[in-house]
Amino acid sequence: MSQHSELELCVAQLEQRLGALGVALRAHHADAVESEAAALQRALAAAVEKLRQGTRGARLPAALRQRLALASAQVVTQREALARASASLDRAIDVLLPSAAPRGAYSAAGLSERPALGGMLQA
């Protein structure tokens, strides 16, 4: 198999893994997201290694560079979607499980809710 064919195969595997990860993200299936993300990392490591071996001083064909650029854009898009979903989940958890630390200066009964500080006061 030629170097060019091997690079094409690596890029195709990256595209396939990105697609599978996108499907898992849209389905909100945590186990699938985790396994697809791991598979994507392995495919990316293999592609990087093939690119190192196959391009020693040579330029990638324009079509292959374009496919890699599209794959990179897909990764950015999926990362942003995951960050938004994570922030949304964090906000929902904050609403459902408020912080145990008091936020106000006084409770409804007029007692101080501030945390007690260690140390001593002398007059």
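Predicted model: local features only at pLDDT ≥ 70, side-chain atom pairs only at ≥ 80, totals over all residues.
Residues are numbered from 1 along each chain as its sequence is written, and side-chain values use heavy atoms, with hydrogens and water left out.

Let me begin with the pockets. On a 1 Å grid over the protein atoms alone, a pocket is an open set of points where a 1.4 Å probe fits, with protein on both sides within 12 Å along at least five of seven lines, and a lining residue has an atom within 4 Å of a point. The largest pocket holds about 260 Å³ of space, a volume being the space filled by probe spheres set on points that are joined across faces, edges and corners. Among the residues that line the largest pocket are L21, V33 and R79.

The second largest pocket holds about 180 Å³, and its lining includes L25, H28 and A85.

Is H28 buried or exposed? H28 is exposed, with a relative accessible area of 72%, where exposed means over 50%, buried under 20% and partly exposed in between, using a 1.4 Å probe and protein chains only.

Lastly, G19 and Q74 are 55 residues apart in sequence, yet their C-alpha atoms are 8.9 Å apart in space, and G19 is partly exposed at 27% relative accessible area.
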